[in-house]
Amino acid sequence: MTVFQNLKSKIENKDAVAGIIGLGYVGLPLAHTICEKGIKVIGFDIDRPKIDDLLAGKSYIGAVKDEWVKRWVDENLFTPTDDFAALKDADFLIICVPTPLDSHFNPDLSYVENTVKQIAQHLRPGQIIVLESTTYPGTMKDVVRPLLEKTGMAEGTDYHLAYSPEREDPGNKEFSTGKIPKIIGADNAEALELTESFYSQFIDQMVPVSSMAVAEASKIMENIFRSVNIALVNELKVIFDKMDIDIWEVIEAVKTKPFGFMPFYPGPGLGGHCIPIDPFYLSWKAKEFGITTRFIQLAGEINTAMPDYVVKKTAEALNMIDSKPIKGARVLVMGIAYKK
């Protein structure tokens, strides 16, 4: 039986074991989604206190309940561990580790590289390695693949690679992990088919693409789209404020257009794990091709300046409230209404 046939059989019989590396805001909800379908998960993390909490049936992620964790552990569906030797027992190794920036705003892939090196030490024939961490196009080809090739095993014959970006929106109760369409990309038909078959057991909609690079580019485009549009509306906020126009009222009016517009809202810059970081991954990669990413850089400048603007406007609003209250009037600071 070939590697492909063996894995296909395991998936069909729900015997394929998932190994999730990185049990943070992406990895642990993913473990929940998989375990709820009766599929075994081995969860890896280098943070021993996290492992101890999970073994005790305690969750440190708001979207994952303690009782869920306890049930999975008690039913032997979920095995949290910091022992990477257990990687051999997983068929699908799903990497969900951070991809931050270094002090010079360059990609820091050390978490990915160290994880792949651990995988290489324990790699066995018949495994699929899937990266979910957000990164620049070419990471799978230029970083992950060369590290695994050092084992002497051949991709596409002994093991497979795929890229399937996480699309989590922490705190969003409408779109849980299983309900968010899943982009998957691989560089050969067997890897794509196996990855799609596995994920489709616990995620409602698959979005297969032609290569790992296309999948990598898809994720980075999503986050750049948000970054640029947030910067645009932040800049408009400053302009309209000078004109004594309430941007929130403008947005409410404009979003009634049933086509060609998507509302974004002003705020104190960018928050979260991804949007302040990921666009710079493409900026860095683009330099390799002699391209300057002007939109991305400008959006970064605008969003980085917003905290100072918000502090200034907040101070002005508080001074107005304390000095001469005007009955019935309101002061708007980035959408927060203060009655005067």
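This is a conversation about a predicted model of one protein and the terms used to describe it.

Biologist: What should I know about the numbering and the rules for this predicted model?

Modeller: Residues are numbered from 1 along each chain as its sequence is written, and side-chain values use heavy atoms, with hydrogens and water left out. As the model is predicted, local features need pLDDT of at least 70 and side-chain atom pairs count only at pLDDT 80 or more, while totals for chains, interfaces and linings use all residues.

Biologist: How many helices and strands does the protein have?

Modeller: The protein has 11 helices and 10 strands. Both are DSSP runs numbered from the N terminus: helices are H or I with at least four residues, strands are E with at least two. The C-alpha atoms fill a box of roughly 80 × 50 × 40 Å, taken along the principal axes.

Biologist: Why is Thr99 called buried?

Modeller: Buried means under 20% relative accessible area, exposed over 50%, and partly exposed in between, with a 1.4 Å probe and protein chains only. Thr99 has 11% relative accessibility, so Thr99 counts as buried. Of the 340 residues of the protein, 46% count as buried.

Biologist: Where is Thr99 found, and what does Thr99 touch?

Modeller: Thr99 is in the loop between strand S4 (92-95) and helix H5 (110-122). Leaving aside residues up to four places away in sequence, Thr99 touches Asp108, Leu109, Val112, Ser133, Thr134, Ile277 and Tyr281. Contact means heavy atoms within 4.5 Å.

Biologist: What makes the pair of Thr99 and Thr134 a polar contact?

Modeller: A polar contact is a pair of N or O atoms within 3.5 Å; within protein, one must be able to donate a hydrogen and the other to accept it, and residues adjacent in sequence count only if both atoms are side-chain atoms. A polar atom of the Thr99 side chain lies 2.7 Å from the backbone oxygen of Thr134.

Biologist: Phe105 is in the loop between S4 and H5. Is Phe105 buried or partly exposed?

Modeller: Phe105 has a relative accessible area of 49%, so Phe105 is partly exposed.

Biologist: How many aromatic pairs does the structure hold, and why is Phe198 with Tyr199 called edge-to-face?

Modeller: The structure holds 11 aromatic pairs. The ring centres of Phe198 and Tyr199 are 6.2 Å apart and their planes lie at 70°, so this pair is edge-to-face. The rule is that rings of Phe, Tyr and Trp (its six-membered ring) pair if their centres lie within 6.5 Å; planes under 30 degrees apart count as stacked, over 60 as edge-to-face and the rest as tilted. Phe198 is buried, with a relative accessible area of 0%, and Tyr199 counts as buried at 0% relative accessibility.

Biologist: What makes the pair of Phe225 and Phe264 edge-to-face?

Modeller: Phe225 and Phe264 are 5.6 Å centre to centre with 65° between the planes, and the pair is edge-to-face. Phe225 lies in helix H8 (residues 212-242) and Phe264 in the loop between helix H9 (247-254) and helix H10 (278-287), so the pair ties together parts that are 39 residues apart in sequence. Phe225 is partly exposed at 39% relative accessible area, whereas Phe264 is buried at 14%.

Biologist: Which residues form one aromatic cluster?

Modeller: Phe92, Phe198, Tyr199 and Phe202 form one aromatic cluster.

Biologist: How do you know that H10 is mostly covered?

Modeller: Seven of the 10 residues of H10 are buried. They are Asp278, Pro279, Phe280, Tyr281, Ser283, Lys285 and Ala286.

Biologist: Which residues of helix H6 are buried, and what covers them?

Modeller: In H6 (residues 139-149), the buried residues are Thr139, Met140, Val143, Val144, Arg145, Leu147 and Leu148. The cover over the buried residues of H6 includes H5, strand S5 (127-131), strand S6 (159-163) and H8.
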